Amino acid sequence: MYDGCMEQTSTRDVTPIRQTVGLPHEFFFVLPTPFLAELAEHALFAPLRVTDIGFFPKALHHDRIRENGCDAAIMLYCHEGRGFFRLGTESEQVLLPGQVLLIPPGTPHRYRASPEQPWSIYWMHLAGSLLPAYLQMIGTSPRFPIHPRATGDLLREFHRCFTLLGQPCQTEEYFLVCQAAGTILALVAQAAKQSRLQLTEKGEQAVEACLRHMEAHVTQPLTMRRLMDISGFSASHLSALFKQSTGRAPMAHFQRMRMQAAARELVFTDKSVKEIALACGIADPLYFSRVFKSVMGVSPAGYRQRTFG
């Protein structure tokens, strides 16, 4: 199953090589290398060019590994089923229906279909001088969902490319293919922006949920795993959200909340330091005193002697 190495050809014919591969409706188009080399110098095509494009339905056994990356950018749209991908040294992640994967040029990667639910994917390879600007506009996240309302537009542009490349293709038709690719990238950029906005909102809600839990359980033990369960985010992602929102990591913020609660007890009650330490979930009063001083800048005894108001 092909998905990216261009065929070599000695002809200067513009018509792409069309391939069908086994399954019904499975096909791809490969632009002749000499033709692409000429277009790279053409003012109309130097900014953005489609080098390969195709559709693989229920692509069981589809597995592509490029340890050194690819010269072109690769875009996959998972229409049905699911698959997996890994970029660089990152761990493998899942690509679900309705999600786009965008791999920048030169990025080591692997992507493969799920054996149990093999994906049906639309894909294309892109090159051109404007490609870095498109990738910058889309953002750094490689995977994001396409809103259902935009899916029809995305597939329409892919099939427009297939129709244009499925007939004797002249320069004018190929120009329309490149325009369609630009529209696809614009739709992807819009989807990426919407995904970032939704993620920001979800992140704020996750931090608020964790803060409410901390306030309600300030005297009880707390683990990062518990906060991950509450928020639905990984430890690293949740820590980044907390630092953005509060300026501190989650557990450091919880420790600060505990010491602020202890400070109120020191001012408004006659409880001993040991009693207050226990009320804050810390059994060792000496450890409590060290933590209190590191947070509040003074020992519990010194804080109690202050004049307030």
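## Burial and overall make-up

Of the protein's 309 residues, 45% count as buried. Keep in mind that this is a predicted model. The fold is built from 10 helices and 11 strands. Look at contacts between residues at least 6 apart in sequence, and 70% of them join residues at least 24 apart.

In soluble globular proteins, nonpolar side chains tend to be buried together. Here the largest nonpolar core has 45 residues, and the members touching the most others are I53, F158 and Y174. Helix α4, which spans residues 171-216, supplies the largest share of this core with 12 residues. There is also a second, separate core of 19 residues, with F28, A59, C70 and A113 among its members.

Y174 is worth a click in the viewer. Leaving out residues up to four places away in sequence, Y174 touches L31, F35, L36, L39, F45, R49, V50 and C169.

## Aromatic pairs

The structure holds 14 aromatic pairs. Take F45 and Y174 to begin with: the ring centres sit 5.4 Å apart and the planes meet at 45°, so this pair is tilted. F45 belongs to the loop between α1 (33-39) and β3 (49-56), while Y174 is in helix α4, so the pair ties together parts that are 129 residues apart in sequence. Both F45 and Y174 are buried.

Then there's Y122 with F158. Y122 comes from strand β10 (residues 120-127) and F158 from helix α3, so to speak a link between distant parts of the chain, 36 residues apart. How buried are these two, in relative accessible area? Y122 is buried at 5%, and F158 counts as buried at 0%. Y122 and F158 also belong to one aromatic cluster, together with F29, F55 and F162.

Helix α3 runs over residues 148-165, and E157 is part of it. Is E157 buried or exposed? With a relative accessible area of 14%, E157 falls under the 20% cut-off, so this residue is buried. Setting aside residues up to four places away in sequence, E157 touches A180, T183 and I184.

A150 also has its place in helix α3. A150 counts as buried because its relative accessibility is 16%, which is under 20%.

## Where α5 meets α6

Two packed helices are described by the angle between their axes and the distance between the axes. For helix α5 (residues 224-231) and helix α6 (residues 235-246), the axes come within 10 Å and cross at roughly 80°. Angles of 65 to 115 degrees count as roughly perpendicular, and α5 and α6 are therefore roughly perpendicular to each other.

Which residues make the contact? On the α5 side they are M224, L227, M228 and S231, and on the α6 side A235, L238 and S239. Sorted by type, the residues of the contact of α5 with α6 come out as five nonpolar, two polar and no charged.

Terms used. Residues are numbered from 1 along each chain as its sequence is written. Side-chain values use heavy atoms; hydrogens and water are left out. A nonpolar core is a set of buried Ala, Val, Leu, Ile, Met, Phe, Trp, Tyr and Cys residues joined through side-chain atoms within 4.5 Å. Buried means under 20% relative accessible area, exposed over 50%, partly exposed in between (1.4 Å probe, protein chains only). Helices (H or I, at least four residues) and strands (E, at least two) are DSSP runs, numbered from the N terminus. Contact means heavy atoms within 4.5 Å. Axes are lines fitted to C-alpha atoms, for helices over the stretch in contact, and angles run from 0 to 180 degrees between N-to-C directions. Angles under 35 degrees count as roughly parallel, over 145 as roughly antiparallel, 65 to 115 as roughly perpendicular and the rest as oblique. Ala, Val, Leu, Ile, Met, Phe, Trp, Tyr, Cys and Pro count as nonpolar, Asp, Glu, Lys and Arg as charged, and the others, Gly among them, as polar. Rings of Phe, Tyr and Trp (its six-membered ring) pair if their centres lie within 6.5 Å; planes under 30 degrees apart count as stacked, over 60 as edge-to-face and the rest as tilted.
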